[in-house]
Amino acid sequence: MRHFIILLHSILFVFSCSHKAFAQDKEKIKKYLQTVELGKKDSNLITAYNELATELLGSDDNKAKEFAFRGLQLSKELKHTYNESWALNLIGLSYDYLAKPDSALYFYQEAIKLKKSINDINGIGSVYSNIGV
């Protein structure tokens, strides 16, 4: 009986933590969507697109890819290399989730090129990790 109670408490704890995390993710998404609605073309909008893509990966991969492509386009327009490389990595991840490994690899390789050009060592490692998974 004691093991049952411990198990029940563990399950309730995990559920309450995941519910809280989901609520926080929902708030993040809401915040980034508000930035998108403002439509001011600046680095905040790029970050909102990329963060929305990050939040949606694994739950709505096509929508994640769409936001990442928006982030990529605006990053190129504003010549923001770091965010451009981030968007490329996110596009690669979305293609991975969509079971399109050839497309994923292409975008990962493009991300690595940019990350090398700005000496983003941690970012390079992150992309290589994505390729390896």
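Which residue does K115 meet in a salt bridge? Keep that in mind as you read these notes, and remember that this is a predicted model.

1. **The opening pair.** The partner of K115 is D120: their side chains meet in a salt bridge, with 3.2 Å from N to O.

2. **The general idea.** Side chains of opposite charge can pair when their charged atoms come close. In this structure you can find 6 salt bridges, and the next two points visit some of them.

3. **A link between two helices.** E55 forms a salt bridge with K28, and the closest N and O atoms are 3.4 Å apart. This pair ties together distant parts of the chain: E55 belongs to helix 2 (residues 43-56) and K28 to helix 1 (residues 2-38), with the two residues 27 apart. K28, at 38%, is partly exposed.

4. Now turn to helix 3 (residues 61-77), which holds both R70 and E66. They are 4 residues apart, about one turn of the helix, and their side chains meet in a salt bridge of 2.7 Å, N to O. R70 is partly exposed, with a relative accessible area of 32%, and E66 is partly exposed with a value of 32% as well. The story also takes in K63, which is linked with E66 and R70 in a network of salt bridges.

5. **The nonpolar core.** Next, look inside. The largest nonpolar core has 29 residues. Those with the most contacts inside this core are V36, Y49, A53, F67, L88, L90 and I91. Helix 1, helix 2, helix 3, helix 4 (81-97) and helix 5 (101-117) each supply at least two of the core's residues.

6. **Y49 up close.** Which residues does Y49 touch, leaving aside its neighbours within four places in sequence? Y49 is in contact with V36, F67, A68, R70, G71 and L74. You have already met R70 as the salt-bridge partner of E66, while V36 and F67 were named among the core residues with the most contacts.

7. I131 lies in helix 6 (residues 121-132) and counts as partly exposed, at 33% relative accessibility.

Definitions and conventions: Residues are numbered from 1 along each chain as its sequence is written. This is a predicted model: local features need pLDDT of at least 70, side-chain atom pairs count only at pLDDT 80 or more; totals for chains, interfaces and linings use all residues. Side-chain values use heavy atoms; hydrogens and water are left out. A salt bridge is a side-chain nitrogen of Lys or Arg within 4 Å of a carboxyl oxygen of Asp or Glu. Buried means under 20% relative accessible area, exposed over 50%, partly exposed in between (1.4 Å probe, protein chains only). A nonpolar core is a set of buried Ala, Val, Leu, Ile, Met, Phe, Trp, Tyr and Cys residues joined through side-chain atoms within 4.5 Å. Contact means heavy atoms within 4.5 Å.
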